[in-house]
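Please have the sequence and the 3D view open as you read.

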Amino acid sequence: MTRHFLRDDDLAPAEQAEVLALAAELKAAPCSHTPLAGPQGVGVIFEKASTRTRFSFEVGIAQLGGHAVVVDGRTMQLGREETIDDTGRVLSRYVSAIVWRTFAQKRLELMVEGSTVPVVNALSDTFHPCQVLADLQTIAERKGSLAGLRMTYFGDGANNMAHSLLLGGATAGMHVTVAAPRGFDPDPGVLDAARARAELTGGSVRTTTDPHAGADGADVLVTDTWTSMGQEDDGLDRVRPFRPFQVNAELLARAAADPVVLHCLPAHRGMEITDEVLDGPHSAVWDEAENRLHAQKALLTWLLEHP
Ligand code: CP
Ligand code: NVA
């Protein structure tokens, strides 16, 4: 059965651990695995802006011996007159995997219906699972392991990063807190799925509207933009309710000893995070950005080896 990666819990806990171990191996020896030698093609499609995802997938696929066909989805027949599942059927005749940044999660599910090759979510409105693999790799580098660590996300609890950190963190056995303003809560279905995962791994999941409660004793503090791509005109006040959730020196002072600060980037300095914290000694954001490359190479290798 072809494996896909549309959301973080598409990998079982032991599988996530395998991918992260391979990511560390690939970081140490970038060209040691060439599952795409041939070269085989990988379709990499963007319907939203991207810097990190675009560069890391294209370079990573080359390092795996393959060829990335990077396309702006808005220039494809996709969404014009061709259905998503028919697009999946056609692309599967050319490429060994499809990597797609899009809007609704449902669109990725439709691609899976037509595709006979792995489909990878390169960010949707609901999840950003490739980012969270890189986040977990970064935390493991700094802390040595993941299970049992306390990780708090501050910001829009209903966005893709909050959801992926809940699922991905719970899969890794972490204690995940989402600290978000009232009205910006995670999707209840995602919370339930994360709770179910946490029961298997010994992790836990909770939400709070109190940023201080979120910061107290946290080993890892994560934030993200208050306005995700596609939300620019949603009519909500995406500044004032979020101000108390800014990751700044005061919040960081409440954390556990030697905390790790993550941000998937791009950062809005002075909004969700201060310069002092982003550029400070606890920030791992540049390693986190680099690890997109290693984690995605590991993921593609793993998916291609598990048909
Ligand atoms: N973090 C992330 O996905 O960055 P890009 O939007 O630049 O790809
Ligand atoms: N939540 C952000 C992540 C960007 C990488 C967005 O969707 O715009």
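Which residues are around ligand 1? They are Ser50, Thr51, Arg52, Thr53, Arg101, His128, Gln131, Cys264, Leu265 and Arg292, where a residue counts as near if one of its heavy atoms lies within 4 Å of the molecule. Before going further, please keep in mind that this is a predicted model, in which local features need pLDDT of at least 70 and side-chain atom pairs count only at pLDDT 80 or more, while totals for chains, interfaces and linings use all residues. Residues are numbered from 1 along each chain as its sequence is written, chains are lettered from A and ligands numbered from 1 in the order in which they are written, and side-chain values use heavy atoms, with hydrogens and water left out.

By class, the shell of ligand 1 has two nonpolar, five polar and three charged residues; here Ala, Val, Leu, Ile, Met, Phe, Trp, Tyr, Cys and Pro count as nonpolar, Asp, Glu, Lys and Arg as charged, and the others, Gly among them, as polar. Look next at the atoms themselves. An N or O atom in the side chain of serine 50 is 2.6 Å from an oxygen atom of ligand 1. With threonine 51, a backbone N or O atom lies 2.6 Å from an oxygen atom of ligand 1, and with leucine 265, a backbone N or O atom lies 2.9 Å from a nitrogen atom of ligand 1. Taken alone, ligand 1 exposes 260 Å², and the protein buries 95% of that (accessible areas come from the Shrake-Rupley method with a 1.4 Å probe).

Now turn to ligand 2. Its surroundings are Leu123, His128, Asn159, Asn160, Asp224, Thr225, Ser228, Met229, Cys264 and Leu265. This shell has four nonpolar, five polar and one charged residues. A nitrogen atom of ligand 2 lies 2.8 Å from a polar side-chain atom of asparagine 160, and a polar side-chain atom of serine 228 lies 2.7 Å from a nitrogen atom of ligand 2. Methionine 229 places a backbone N or O atom 2.8 Å from an oxygen atom of ligand 2. Taken alone, ligand 2 exposes 270 Å², of which the protein buries 94%.

Methods:
A polar contact is a pair of N or O atoms within 3.5 Å; within protein, one must be able to donate a hydrogen and the other to accept it, and residues adjacent in sequence count only if both atoms are side-chain atoms.
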